[in-house]
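Please give me a short tour of this structure.

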Amino acid sequence: MAFSLDAEREQELSRILARYPNKQAACIPMLHLCQSANGNWLSDEVIGFVAERLDLSTAHVKGVVTFYSLLNDKPTGQHQLWVCRTLSCALRGSGDILSHCEKRLKIHAGETTADGNVTLQTAECLAACAGAPMLQVDQTYHENLTLEAVDAILDRLTQRG
Amino acid sequence: MLKQTDYISKNYDKPDSFKLALYEASGGYRAARKALAMPREAVVEEVKKAHIRGRGGAGFDCGTKWSFMPKESKKPHYLVVNADEGEPGTIKDRTIMERNPHLLIEGCIIGCHAIGANVCYIYVRHELHLAKERLWGAIAEAKAKGYLGERPLGKAFPIEIYVHTGAGAYICGEETALLNSLEGKRGEPRLKPPFPAQAGAFGCPTSVNNVETVAAVTLALELGGDAFSRLSALHEFNDGGVRLYGVSGHVKRPGVYEAAVGLTLRELIYDLGGGILGDRPMLGVIPGGSSCPILLPDELVHVPGDARFAPYEGKSVLDLPMGVDTMRNVGTMLGTCCAIVLSDEADPVLACRNLMAFYKHESCGQCTPCREGCGWLDGILDKIVAGKASLEELDLISEVASNVSGNTICAFGDGMAGPMLAFVRKFRGAFEDYILNGGQHQTRRLAL
């Protein structure tokens with residue numbers, strides 16, 4: 001079945017388009033909208049859909065998708081787990097947090113668990129240095145981490161499946 | 001002279017700090033009422049008197065920037081707020097958006113009027129979901145009260161504010177990259193000129209300002225420009241007002257603190273930050289985000305021929321009031337005024353490598369010197385840490401970094417090269433130790 005947006009997301013798209021003097025400016029917000037509607041990634045079909053709706057070339061949209069790290073041009077896990085690796089977090093032990101996640105999930109950073117549940121990645125500074133070490137799960141920040149706190153986060157993530 | 005203030009942060013710890021009711025109970029939206037009753041030029045003059053130096057890192061005077069906007073123009077004008085906070089160590093804008101969003105929204109209303117813009121975009125990095133939610137909520141509340149829309153606060157000058165999100169790219173904090181990203185393109189910086197005030201968003205006159213800068217405009221209008229400026233210890237440097245200070249790394253109380261401009265690094269680290277973890281000596285401090293060269297505690301202020309620096313001559317750089325022009329004169333930058341502190345147990349070579357990996361990841365790839373240079377430096381540092389590099393390669397670091405500096409479209413290259421060169425110059429012994437002895441004498445750890 002061809003990719004399309006449900007009625008609610010179509011309404012959101014109309015609201016997005018109304019904010020800008022041209023359609024192209026809606027490109028990144030629309031890609032986020034479509035990504036959330038498509039299991040958190042942007043297939044060539046979705047990219048074509050965005051291009052057509054915004055009167056852009058697919059090359060332009062693909063160029064945008066490949067530029068930004070939060071637009072996924074490959075399938076990804078159901079949940080996203082980012083461990084901040086940049087200096088302030090590194091000074092407070094983010095290296096240990098990352099290896100703990102890798103050990104518990106039995107994957108390396110950049111990989112997805114075999115069941116497709118969690119994708120583990122390192123993140124560059126997430127503007128939460130005062131709460132270092134920190135990680136982000138989907139839309140939520142977790143700061144001032146200990147290994148016990150990480151265990152609790154991972155327990156919830158792996159149990160809810 | 002530690003002078004903590006609470007103009008921005010007074011309600012930070014209250015659960016309803018992001019709501020309009022609490023904001024108005026503390027005097028909110030009085031400044032916008034005042035500003036919208038003034039002629040546009042008078043608002044810009046008031047902001048000039050406040051000496052608000054750009055809080056996003058470059059330190060450019062906000063009122064001066066606004067005065068570059070055309071007086072008459074057939075094209076629409078835009079105010080774009082840079083909320084793409086992501087410079088390592090920088091943690092202040094997020095607190096405003098999450099805990100006092102109306103201060104920013106009020107500043108946007110004042111700013112739109114001052115530069116003749118009917119539309120303001122707040123460009124928030126995608127990861128800051130709570131910040132976006134709080135901003136949309138504040139916009140809805142302000143709109144419901146008639147502070148935004150067709151007749152904001154009764155004035156016949158429509159103002160709309162929209163939150164726009166990025167998609168994960170540090171470079172979009174650079175103002176012209178941000179504009180390209182806002183326009184739905186790859187976030188690659190543009191050549192200047194034209195400057196955004198001539199041709200910015202959608203080819204129209206645009207002012208791009210940092211979140212905290214715009215928030216400070218609200219305070220300047222509320223208190224009066226001159227009174228706001230005089231809160232600062234560096235009023236005579238034309239560096240006015242109060243600001244948020246971040247401190248992270250090896251300190252006991254990392255956090256965001258508000259104080260008058262001109263706090264010293266020693267006050268930030270030891271008084272507000274609680275001192276170094278384990279009461280260790282300090283190795284060094286990166287004063288304002290990763291693009292600012294690191295300072296060592298035994299470096300001294302030496303600025304001959306400038307009377308304003310006389311009181312600090314010969315003192316530790318830690319005792320120099322932090323300001324845009326003061327820090328520039330001791331070989332670093334104020335940046336975003338957020339210090340990253342390293343204790344003497346941290347390994348400077350690993351710290352340097354950590355930051356260069358960041359720059360390699362975030363270089364947009366548009367300019368060859370930066371794209372290739374960041375990769376080379378990251379590669380050499382990996383070799384050094386692995387104990388496989390030669391002393392010639394240590395000199396190659398300086399050569400590569402120097403060749404990036406000044407040879408790129410935007411300031412990213414300089415923001416990478418300056419800190420890199422400072423690390424090698426100030427910690428040469430530690431780098432050589434890795435090369436000659438495999439780093440045997442280092443702790444080889446960053447975390448304590």
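Which residue takes a positive phi just after α15(B)? The residue is G406(B), with a phi of about 80 degrees. Bear in mind throughout that this is a predicted model.

## Helix α15 of chain B

Helix α15 of chain B covers residues 391-404, which makes 14 residues. From its first C-alpha to its last, α15(B) reaches 21 Å. That is close to the 20 Å expected at 1.5 Å a residue.

Where do its buried residues sit? The buried residues of α15(B) are E393(B), L394(B), I397(B), V400(B), A401(B) and V404(B). They cover an arc of only 115 degrees around the axis, so they lie on the same side of α15(B). Their packing partners are α14, α16 (412-426) and α17 (428-437) of chain B.

## The largest nonpolar core

The largest nonpolar core has 92 residues. I384(B) and F431(B) have the most contacts inside it. Helix α13 of chain B, residues 348-362, gives the most to this core, with eight residues.

Now turn to F431(B). Its place is in helix α17 of chain B. F431(B) has a relative accessible area of 0%, and therefore counts as buried. With neighbours within four places in sequence left aside, F431(B) is in contact with V349(B), C352(B), L381(B), I384(B), L394(B), F423(B) and V424(B). One of those partners is L381(B). F431(B) and L381(B) are 50 residues apart in sequence, and their C-alpha atoms are 9.2 Å apart in space.

A second, separate core has 70 residues. Its members include C89(A), I8(B), L128(B) and L221(B).

## A buried aspartate

Is D378(B) buried or exposed? D378(B) counts as buried because its relative accessibility is 9%, and the cut-off for buried is under 20%. D378(B) is in helix α14 of chain B, residues 368-385. Apart from neighbours within four places in sequence, D378(B) is in contact with R353(B), M356(B), A357(B) and K360(B).

## An enclosed strand

Next comes strand β4 of chain B, residues 206-210. Five of its five residues are buried, so β4(B) is largely enclosed by the rest of the structure. In a regular strand, side chains alternate between the two faces of the sheet. Both faces of β4(B) are covered. T206(B), V208(B) and N210(B) are buried on one side, and S207(B) and N209(B) are buried on the other.

What joins β4(B) to strand β1 (residues 77-83) of chain B? Five bridges do, and the two strands run parallel. In one of the pairings, V81(B) has N209(B) of β4(B) as its bridge partner.

## Aromatic pairs

The structure holds 16 aromatic pairs over all chains. Two of them are set out here.

| Pair | Type | Centre to centre | Angle between planes |
|---|---|---|---|
| F67(A) and Y68(A) | edge-to-face | 4.9 Å | 75 degrees |
| Y29(B) and Y147(B) | tilted | 4.7 Å | 40 degrees |

The pair of Y29(B) and Y147(B) links distant parts of the chain, 118 residues apart. Y29(B) is in the loop between α1 (20-25) and α2 (30-36) of chain B. Y147(B) is in the loop between α7 (129-144) and β3 (160-165) of chain B. Both Y29(B) and Y147(B) are buried. Both F67(A) and Y68(A) are buried too.

Aromatic residues also gather in a group. Y20(A), Y78(B), Y121(B), Y162(B) and F202(B) form one aromatic cluster.

## Chain A as a whole

How many helices and strands does chain A have? Chain A has seven helices and four strands. From the N terminus on, its elements run α-α-α-α-β-α-α-β-β-β-α. The C-alpha atoms of chain A fill a box of roughly 50 × 35 × 25 Å, taken along the principal axes. Of the 161 residues in chain A, 53% are buried. Among contacts in chain A with a separation of 6 or more, 59% are between residues 24 or more positions apart.

Notes. Residues are numbered from 1 along each chain as its sequence is written. Chains are lettered from A and ligands numbered from 1 in the order in which they are written. Side-chain values use heavy atoms; hydrogens and water are left out. A nonpolar core is a set of buried Ala, Val, Leu, Ile, Met, Phe, Trp, Tyr and Cys residues joined through side-chain atoms within 4.5 Å. Buried means under 20% relative accessible area, exposed over 50%, partly exposed in between (1.4 Å probe, protein chains only). Contact means heavy atoms within 4.5 Å. The expected span of a helix is 1.5 Å times one less than its number of residues. The arc is that of the directions from the helix axis to the C-beta atoms. Two strands pair if DSSP finds at least two bridges between them. Rings of Phe, Tyr and Trp (its six-membered ring) pair if their centres lie within 6.5 Å; planes under 30 degrees apart count as stacked, over 60 as edge-to-face and the rest as tilted.
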